[in-house]
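I opened my notebook to look at how one protein chain packs together. Come and read along with me.

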Amino acid sequence: MKQPGEPEVRHYTLAQGMRIVRSDYLPLQALTESSITCHDQPQLVLTFGLLGASRFRESQGSEIAFNAGHLTVTSFQTSSGERLYRAGERVQQLRLVLNASTTRHYFGEQQAEHLLQPRLQRHLFCRFGQATNAQLIQMHNDPLQLEIQALTLLALHRHQLQPDVHKHSVHPQQVEKLERAREWMRAHLAEAYSLNTLALAVGLSDYQLKTGFQRHFHSTPGEMLLQMRMAHAHRLLEQGYQVAQAAWQVGYQHPRNFSVAYQRYFGRPASSVTGRKMKD
């Protein structure tokens with residue numbers, strides 16, 4: 001019998017190299033699960049947030065968010081890190097997993113080469129619409145219906161992962177500069193700076209920076225900066241920092257502005273995060 005707070009995870013193996021994983025967590029206390037995964041080939045994973053929010057923190061420190069009403073698309077062959085869940089918050093997710101062969105079949109060789117990465121990479125984080133929500137609500141246990149619905153979900157979102165390769169290709173030299181821009185942002189979370197400052201720091205124009213982020217990271221510089229700041233602020237709050245202290249550390253001069261941003265991003269007040277007290 002399932003005990004209170006015990007997670008429930010169900011696996012459904014489908015034809016054509018696909019499977020569905022449905023998970024339901026309601027931890028009584030803050031939960032950190034260690035995760036080490038290794039596959040023979042890279043896999044593409046579409047995670048649909050049904051309820052609540054969780055995070056995956058890589059062993060190298062970067063984080064990926066999974067929020068209700070959002071689709072998070074990742075790929076990896078090997079990964080190691082921690083799954084993080086908040087106390088008393090129910091988290092329900094549905095993951096559609098495609099193996100390498102299936103990804104090549106539906107996306108083509110060229111796009112599959114971009115999507116199938118050996119190390120964990122996030123390709124997409126966006127809200128999903130009513131059509132997707134309708135499919136998620138009506139998910140069946142019948143194998144045939146489940147496979148039809150899995151393909152429908154893939155069809156609804158394939159275009160977001162399959163841009164015109166020639167139109168949106170990024171030159172390798174520009175990719176290197178975009179990667180440097182991301183690291184520059186990570187190193188300057190506490191500072192206020194303009195898009196132009198970031199572009200100049202890595203030798204790109206404002207236009208090259210914005211379009212490069214969209215094509216390479218599938219995100220805007222502003223969205224990525226917000227994600228970095230919120231993830232770092234959350235870690236600081238868990239370590240016992242006060243709200244105002246965390247706000248300053250991630251570039252907010254006014255704690256109230258930070259609190260509003262945090263509430264909007266995580267769906268709960270920054271003051272609700274409890275951590276161990278900082279030592280004097």
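**Ground rules.** I am reading a predicted model, where local features need pLDDT of at least 70, side-chain atom pairs count only at pLDDT 80 or more, and totals for chains, interfaces and linings use all residues. Residues are numbered from 1 along each chain as its sequence is written, and side-chain values use heavy atoms, with hydrogens and water left out.

**Cores.** I looked up the largest nonpolar core and found 28 residues, with Ile20 and Leu46 having the most contacts inside it. A nonpolar core is a set of buried Ala, Val, Leu, Ile, Met, Phe, Trp, Tyr and Cys residues joined through side-chain atoms within 4.5 Å; buried means under 20% relative accessible area with a 1.4 Å probe, protein chains only. Helix α4 (143-161) is among the suppliers of at least two residues each, and α4 gives the most, five. A second, separate core has 16 residues, including Ala65 and Ala247.

**Helices** (DSSP runs of H or I, at least four residues, numbered from the N terminus). I checked α6 (residues 172-187) against α8 (residues 206-216): their axes come within 10 Å and cross at roughly 95°. Axes are lines fitted to C-alpha atoms over the stretch in contact, with angles from 0 to 180 degrees between N-to-C directions. So α6 is roughly perpendicular to α8 (65 to 115 degrees). Contact (heavy atoms within 4.5 Å) involves Leu178 of α6 and Phe213 of α8, among others.

Key
Parallel < 35°, antiparallel > 145°, perpendicular 65-115°, else oblique. Buried < 20%, exposed > 50% of the residue type's maximum accessible area, 1.4 Å probe, protein only.
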